[in-house]
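Subject: Structure handover

Hello,

Here is the structure I said I would pass on. My notes on it follow below.

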Amino acid sequence: MFQKILIANRGEIALRVLRACKELGIQTVVVHSTADADAMHVRLADESVCIGPPPSRDSYLNIHQIVAACEITGADAVHPGYGFLSENAKFADILAAHNITFIGPSGDHIRIMGDKIEAKRTAKRLGIPVVPGSDGAVTDQKEARRIAAEIGYPVIIKASAGGGGRGMKVALTEADLEIGLQTASTEAGAAFGDDAVYIEKYLEKPRHIEVQVFGDGAGRGVHFGERDCSLQRRHQKVWEEAPSPALNAEERARIGNICAKAIADLGYSGAGTIEFLYENGEFYFIEMNTRLQVEHPVTEAITGIDLVHEQIRVASGGGLSVRQEDIKFNGHAIECRINAEDPRTFTPSPGTITHFHTPGGLGIRVDSGVYSGYKIPPYYDSLIGKLIVHGRNRVECMMRLRRALDEFVVDGIKTTLPLFRDLVGNADIANGDYDIHWLEKYLAKEE
Ligand code: MV4
């Protein structure tokens, strides 16, 4: 087991990882920018190292400073959290070259999944169902027309180096195809330095369902069920739940087992998330994320398994603590992302939190790095906390969520809490009847 882990992140996820390290008796080092000297992760860690000025590229993204912080403090592993360097293959490779363990998959697996064409090709080879479309990059208009005619309109053109919704163009008919291909490719070249694009059938009303997987790096793979993350705004998730209200136990086992086997065959190590669009009873792979995700606590709530413990165990060579048959699903969990933003316009609202009071009681978890008197710096993303509620079933979970939202107090700044108080009383949400476009339509109506 590791002696000392360096946490290369900030905010609630830095605390999340700190807690796991403490429970495992592992010493902790955090890094921070000058803007985060008062942050909770700095206060709670055994050691801290200031690695640079506020902009992320000079601090939380500065690989050389982080490697230097490892050498100075004698850390033998790095947990990257999510965002920042968590899916940076070069970072994973550099740490390996310094004999420091990256708590995550190999640089090669990160690289494959970062290239969306390569990721899809790999998924298909491993027996994961993918969205019908081009077999690789599409370069000329004639080929594009042939593929689009074959799969049928509408189609979507995606950047291979994109992901998370960046660099996509929808073509409703052949008339949109030429300009779509041209602009998608040009924009991808400018934004990512890689102009490769590919074409897929455009699914009109899918849900976003993702499967939590783990590999031990030695040919074993398991799944921890799925999360439904369909409630998003501009590709930012707002509300996530597990299990998906749309799936039955048979569908869950079917897609879960496909994913677990794929992860085993790939020789993947650590936590991963396989993202699907789900429509008319079918799953279609879109991307794989090679990190721990923001919404991992809903999976922890329904399985009772600490996924960060599991990441640390696997990275230290201890293997997975569970076999597939040990993973049991219990009840229902919902996560609300509390952002320091206007609840209607989503404009960031940094500033001082004058009062912070979190809800408690059975089935309530709050993961947050803020406190009363904390001043939110303007440099980073606006997530200030997550409310995760668990109940024996979805109805109980929703009742408990409504009560928890009533108790939650964040004064001094605007937050997304009022949006959740509206959503929890909405009939479609109560029925689990929503797709990836539901929230944007709802917000447009509310204007
Ligand atoms: C799609 C799609 C429809 N059809 N692919 C957006 C983020 C990126 N991960 C994939 N995305 C989409 N890919 C096909 N073939 C619709 C989206 C999409 C979306 C997906 C998940 C959650 C919210 C979304 C909002 C708009 C579009």
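This is a predicted model: local features need pLDDT of at least 70, side-chain atom pairs count only at pLDDT 80 or more; totals for chains, interfaces and linings use all residues.

Backbone

Asn 99 has a phi near 60 degrees, which is positive although the residue is not glycine. Two peptide bonds are also worth a look. The one from Tyr 153 to Pro 154 is cis, with omega near -5 degrees, and Pro 154 belongs to the loop between helix 7 and strand 6. The one from Ala 242 to Pro 243 is cis as well, with omega near -5 degrees; Pro 243 is in the loop between strand 11 (236-242) and helix 9 (249-266).

Domains

The domain assignment divides the chain into domain 1 (4-103), domain 2 (132-201) and domain 3 (207-446). The C-alpha centres of domain 2 and domain 3 are 30 Å apart. Seven residues from domain 2 and four residues from domain 3 make the contact. Between them these two domains bury about 380 Å², and 49% of that is on carbon and sulfur atoms.

Ile 151 and its contacts

Ile 151 is part of helix 7 (residues 141-151). Once neighbours within four places in sequence are set aside, Ile 151 is in contact with Pro 132, Gly 133, Ile 199, Glu 200 and Lys 201.

Ligand

Which residues come nearest to the ligand? Of the 18 around it, they are Lys 158, Glu 200, Lys 201, Leu 203 and Glu 287. Glu 200, one of the residues that Ile 151 contacts, has a side-chain N or O atom 2.9 Å from a nitrogen atom of the ligand. For Leu 203 the polar atom is in the backbone, and it lies 2.9 Å from a ligand nitrogen. Glu 287 places a side-chain N or O atom 3.0 Å from a nitrogen atom of the ligand. On its own the ligand has 520 Å² of accessible area, and the protein covers 92% of this.

The elements that contribute two or more residues to the shell around the ligand are strand 6 (155-163), strand 8 (197-201), strand 12 (269-279) and strand 13 (282-289). By class, the shell consists of eight nonpolar, five polar and five charged residues. Domain 2 (132-201) and domain 3 (207-446) each supply at least three residues to this shell.

Regards

Methods: Residues are numbered from 1 along each chain as its sequence is written. Side-chain values use heavy atoms; hydrogens and water are left out. A residue is near a molecule or strand if one of its heavy atoms lies within 4 Å of it. A polar contact is a pair of N or O atoms within 3.5 Å; within protein, one must be able to donate a hydrogen and the other to accept it, and residues adjacent in sequence count only if both atoms are side-chain atoms. Accessible areas come from the Shrake-Rupley method with a 1.4 Å probe; for residues, only the protein chains shown count as cover. Helices (H or I, at least four residues) and strands (E, at least two) are DSSP runs, numbered from the N terminus. Ala, Val, Leu, Ile, Met, Phe, Trp, Tyr, Cys and Pro count as nonpolar, Asp, Glu, Lys and Arg as charged, and the others, Gly among them, as polar. Domain bounds come from an automatic or database domain assignment. Contact means heavy atoms within 4.5 Å. Buried area is the accessible area (1.4 Å probe) that two parts lose on being put together, summed over both.
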